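Here is my note on this model, written as numbered points. Keep the structure open as you read, and find each residue as it comes up.

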Amino acid sequence: MHSFLSVSAVLRVASVAAISATLMTNPLSVTADTSRKPAAFAFGPGVQEITVQDGREDRPLSGHIWYPTPTPEHAPKSDRSQVWEMAPADPGAEIADGTYPLLVVSHGMFGNTFNQAWLGSELARRGYVVAMVNHPGTSSFLRDPVQAQQLWERPKDLTRLITYLTERSTWQDHIDQSRISAAGHSLGGFTVLLAGGARFDGDLYDAGCFGDTRLPVVCDIFRGWSVAETPSDRTAMTQSLKDPRIGKIISLDLGGTPLLSKKSLAEIDIPVLVLGSGRADLLDQDLESRALANALPQELVQHIELEDAGHFDFIGVCKPGGRQILAQEEPGEEILCIQGGPARKVQHQRILEEITAFLAD
């Protein structure tokens, strides 16, 4: 397999998130595997739908929030998807007493909040509140070329989410506002880097995406969305989008490092965990995670390249027949489920171990 795919392949793979979503019915409902088992965690995994209520009708934000419940023995698993294993969840359960660290999560290109539901469930069991929204324009359910072009809005979505949760919602009394972190997969990694202090570099964009040498994947995508091509858009993209409330960043096989200002990366002042995919089946690690880790202050960065992990090992686990279903629905897109069963579960455990250790420090 090539070290990275063409932009057409990337877009086709991304489209499967929407196709897969159609294979679910009310994925938050629980109808199977409701047997109670001995508790191995301090908390159960609660989940609710959330809508950011801040008056911005031009860019509505909605998604899911995962949180600790006082019933660790109750973690049922829905069986509503033909492709994906559903994360253990107790929809609508009460939150356990106390305050908890907040992690906001940004999904990848044309992804959605179900992609990292497995992570939300696992962290909720361990005493974290995990919130995710579907980014308008670049999510499975909210595709729009104008909103995709306004790529600077993605980190602002996270800022709006944090503000809503900590200042305007009933969740504020349960969040430790001194411990707010952000994690993102693929384009979501690029998003959280911007929210953490990195800045888009227009000169690097011009040189790498409009010159004789075309940077793979990222330039085709950004140019396809006409990102930063007008003076006003260029100003909006190159502005500082840092949210000072974010204390840690987690990058999950990000895409977009070549377009980030080297100076801004060197000036990031919060800890960053960079997880890369050793299998390198989508992104060139020399251009992405390795380059990011080398550009960040060495005393603040932890770079771990997960051996045998692929780009899609950061999303959910596929059922045994999931790959075949995707192959039938969209031939070629079964890449989402390559090594997506037991092998992906092993990768999830490693990813979870690294994330929990990083957040606990």
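1. Is Cys318 buried or exposed? Buried means under 20% relative accessible area, exposed over 50%, and partly exposed in between (1.4 Å probe, protein chains only). Cys318 counts as buried because its relative accessibility is 4%.

2. A word on the source. This is a predicted model, in which local features need pLDDT of at least 70 and side-chain atom pairs count only at pLDDT 80 or more, while totals for chains, interfaces and linings use all residues. Residues are numbered from 1 along each chain as its sequence is written, and side-chain values use heavy atoms, with hydrogens and water left out.

3. Start with the partner of Cys318. Cys318 and Cys337 form a disulfide (a pair of cysteine sulfur atoms within 2.5 Å). Their sulfur atoms are 2.1 Å apart. The pair links distant parts of the chain, 19 residues apart. Cys318 lies in the loop between β9 (301–306) and α11 (322–329). Cys337 lies in the loop between α11 and α12 (342–360). Cys337 is buried too, because its relative accessible area is 6%. The angle about the S-S bond is -85 degrees, and the link of Cys318 and Cys337 is left-handed.

4. Now the other pair. A disulfide joins Cys209 to Cys219, with S to S 1.9 Å. Cys209 sits in helix α6 (residues 202–209) and Cys219 in helix α7 (residues 218–224), 10 residues apart. The link of Cys209 and Cys219 is left-handed, at -65 degrees about the S-S bond. Cys209 counts as buried because its relative accessibility is 0%. Cys219 counts as buried because its relative accessibility is 0%.

5. How many disulfides does a search of the whole structure find? It finds two. With bonded cysteines counted along the chain, the pattern is 1-2, 3-4. A disulfide is a covalent bond between the sulfur atoms of two cysteines.

6. Step back to the whole chain. The protein has 12 helices and nine strands. These are DSSP runs, numbered from the N terminus: helices are H or I with at least four residues, strands E with at least two. Of the 361 residues, 59% count as buried.

7. Look at contacts (heavy atoms within 4.5 Å). Take those between residues at least 6 apart in sequence: 80% join residues at least 24 apart.

8. Which helix is mostly covered, with nine of its nine residues buried? Helix α2 (residues 117–125) is. Its buried residues include Trp118, Glu122 and Arg125. They pack against β1 (44–51), β2 (62–69), β4 (100–106), β5 (129–133) and α12. After α2 comes Gly127, whose phi is positive, near 95 degrees.

9. Finish with the interior. A nonpolar core is a set of buried Ala, Val, Leu, Ile, Met, Phe, Trp, Tyr and Cys residues joined through side-chain atoms within 4.5 Å. The largest one has 80 residues. Leu165, Leu193, Phe222, Trp225 and Leu265 have the most contacts inside it. Helix α5 (residues 187–195) gives the most to this core, with six residues. A second, separate core of 28 residues includes Ala89, Trp118, Ile250 and Leu359.

10. Leaving aside neighbours within four places in sequence, Leu265 is in contact with Leu193, Ala198, Leu260, Leu292, Ala295, Leu296 and Pro297.
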